[in-house]
Amino acid sequence: MALITQRIDVPVLVDESKCLEKCTACIEVCPLDVLAKDPQTGKAYMKYDECWFCLPCEKECPTNAITVQIPFLLR
Amino acid sequence: MNISTNTQWMKTDVLVIGGGTAGTMAAIKAKQANPDGDVLILEKANIRRSGAIAMGMDGVNTAVIPGHSTPEQYVREVTIANDGIVNQKAVYQTGKLGYETIQELESWGVKFQKDAQGNYDLKQVHRVGKYVLPMPEGKDLKTILTRQVKRHKVNVTNRVMATRVIVQEGRAIGAVGFDVRAGHFVVIQAKAVILCTGACGRLGLPESGYLYSTYENPTNAGDGYSMAYHAGAELTNIECFQINPLIKDYNGPACAYVAGPFGAHTTNAEGHRFINCDYWSGQMMLEVWKELNSGKGPIQLKMTHLDEDTISEIERVLWANERPSRERFHAGRGEDYRTHGIEMNISEIGLCSGHSASGVWVNENAETTVPGLYAAGDLASVPHNYMIGAFVFGRIAGTHAIEYLQDLDHLAPDREFLEAEKARIYTPLNQPNGIPHTQIEYKLRRWVNDYLQPPKSEPKLAIGLQNFIRYHETLDQMGAHDPHELMRCMEVHFIRDCAEMAARASIYRRESRWGLYHYRLDFPEKNDEEWFCHVNLKKDEAGAMRLFKRAIEPYVVDVDLHQEAYDVAVR
Ligand SMILES: Cc1cc2nc3c(=O)[nH]c(=O)nc-3n(C[C@H](O)[C@H](O)[C@H](O)COP(=O)(O)OP(=O)(O)OC[C@H]3O[C@@H](n4cnc5c(N)ncnc54)[C@H](O)[C@@H]3O)c2cc1C
Ligand code: SF4
Ligand code: SF4
């Protein structure tokens, strides 16, 4: 099966300058489990574009590092 | 990535699958009834913020509070709104037990709106009675429940997705699933199992094309519907779809239940009202459909006539609770309640007894037709049950399950069954370059729109059914790179099962009922003589999907359905 990698505008943005290396709060609360830590940088990022724009990640982030946008297709 | 396919074994007395609204309550109640019993919640996400009420709720839709309404009035109203197809004894429970449920929630710190005298401040949204209790500060509902789960010493395993209930010797004896992060196989032995996995919210495809922009929390993909079916339990009213009037594209509630009592209402493009009641029902949805097809659409929730204080108050509620991202959606389009109506549309279809009636058959004790298997919340068929109904049936399921299992032992799960299920689950991981779940899901759900979205007709439904049956072969070609993708693959299996059930049940009932929910162009009239009954379905001994009629249980509250037909059209 041939597969390609596609560029996608993802809804969740993380301000890396604010993201704490030891924290995983957003990752733990996301009902869709779409956030993860970049093993290289220790910063959170959106790993899968599967978002309900429900906002627990944003609400539980201790440093306000997260911004959830409405996904592009319905924005 | 290192994916472990080892097996983790667990043992408990009561297993609750899905720790949302109904599930957390079921577990707490089982523990209250017997603090020595072991109760385990198995949750695909994390119970702190999972399910429909992840960000709270802006109101209780079905609160029967003494002095405002009676359980009998409530049963009557729900019976009429469902064209008579209800098991009244089950609906009655929500009417009778809602009040003490609200009081218990309040004692845990959940806030409900009160008037100056300290009484619950109920609003009328339904056609006749006052059942809507606002919760302007309802945003932390789930964290409060999580605290109670811990306080009651319920065991919780997050990030494990159940895929099948194990049934042996005629009763439910556990479940299997896998860890959606580490990947390992999980087997839980239990004496009773309670399914609380919510709606099938990912059935139709949203018009935006974004798979997860559903009304329901998209983690709820019909998991429990499918698991109950494979466990041999009966499902009912599946042809009575969930279809909601939602903010176009955003696909969340606009929300007339909050704004209606402040003076907002649904109108056509000309600003005229065409329905006299904003309570969601199939009959209301049919009026919406007719209006949109008459050239008078689009329809909107209109607030422009309200004063500044009122609009700010509505914004305060809508932008803090339930679906708080509504605010940024409107802002992104440069829309404001003061100057713009909120454009609404008819949603794609889903299955949900919280809003309509489609679900796993349960009696008034939350028992399914399989001994030891209980169901509560959106997936259990107690029509229009909403959040309080989920709490009430969670309570009932928890207390009954713990009592039922007293003299029972664990049974060792059949090895062959476990191996077969393990092989089924891990197929996509063994072919990582198979077709991605996103494409497979998109096509399946587009067909759901093409062939199942009402109005329905037999030729269309039949093509849909054939496509869904053949789709088994397509599912076999799915590939996954990691346990997360595997979770989505297994959800697509659940969605396919629900699509087949929805097609078959819709074909079987050869009449129209519940307004738009089951509007058949080839049988446009209601036919009480032949169809005043439930349509139930189950997996028979040969493994085939069998449909049959189930008689309506005798009513406990008299209703004259000929005198009191549900009609909300403005003429
Ligand atoms: C946007 C929205 C607004 C609403 N507004 C109102 C309102 O204002 N008033 C009102 O009364 N009602 C409202 N409702 C309805 C109400 O929220 C639901 O009826 C109720 O919360 C359903 O509870 P539940 O326990 O069935 O589902 P949920 O609370 O969604 O719980 C299901 C749980 O099961 C988990 N799960 C799913 N599959 C699996 C699996 N395979 N294995 C393990 N776990 C699994 C999920 O992660 C989730 O935690 C609304 C619903 C929605 C979606
Ligand atoms: S908005 Fe919701 S679904 Fe999206 S990343 Fe945040 S918590 Fe997850
Ligand atoms: S919650 Fe905030 S600080 Fe913590 S990992 Fe997520 S983005 Fe970083």
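How many nonpolar, polar and charged residues does the shell around ligand 3 have?

1. The structure is a predicted model, in which local features need pLDDT of at least 70, side-chain atom pairs count only at pLDDT 80 or more, and totals for chains, interfaces and linings use all residues. Residues are numbered from 1 along each chain as its sequence is written, chains are lettered from A and ligands numbered from 1 in the order in which they are written, and side-chain values use heavy atoms, with hydrogens and water left out.

2. The shell around ligand 3 has 10 nonpolar residues, 1 polar and 1 charged. Nonpolar here covers Ala, Val, Leu, Ile, Met, Phe, Trp, Tyr, Cys and Pro; charged covers Asp, Glu, Lys and Arg; the others, Gly among them, are polar. Residues around this ligand (a heavy atom within 4 Å) include Cys19(A), Cys23(A), Cys26(A), Lys37(A), Cys61(A) and Thr63(A).

3. Between the two chains, 30 residues of chain A are in contact with 45 residues of chain B, contact being heavy atoms within 4.5 Å. The chains bury about 3100 Å², of which 55% is on carbon and sulfur atoms; this is accessible area (1.4 Å probe) lost on being put together, summed over both parts. On the side of chain A, Asp33(A), Trp52(A) and Leu74(A) lose the most area to chain B, together 22% of what that side buries.

4. The interface of chain A and chain B holds 7 salt bridges, each a side-chain nitrogen of Lys or Arg within 4 Å of a carboxyl oxygen of Asp or Glu. One salt bridge joins the side chains of Glu60(A) and Arg49(B), at 2.9 Å from N to O.

Technical notes. Buried area is the accessible area (1.4 Å probe) that two parts lose on being put together, summed over both.
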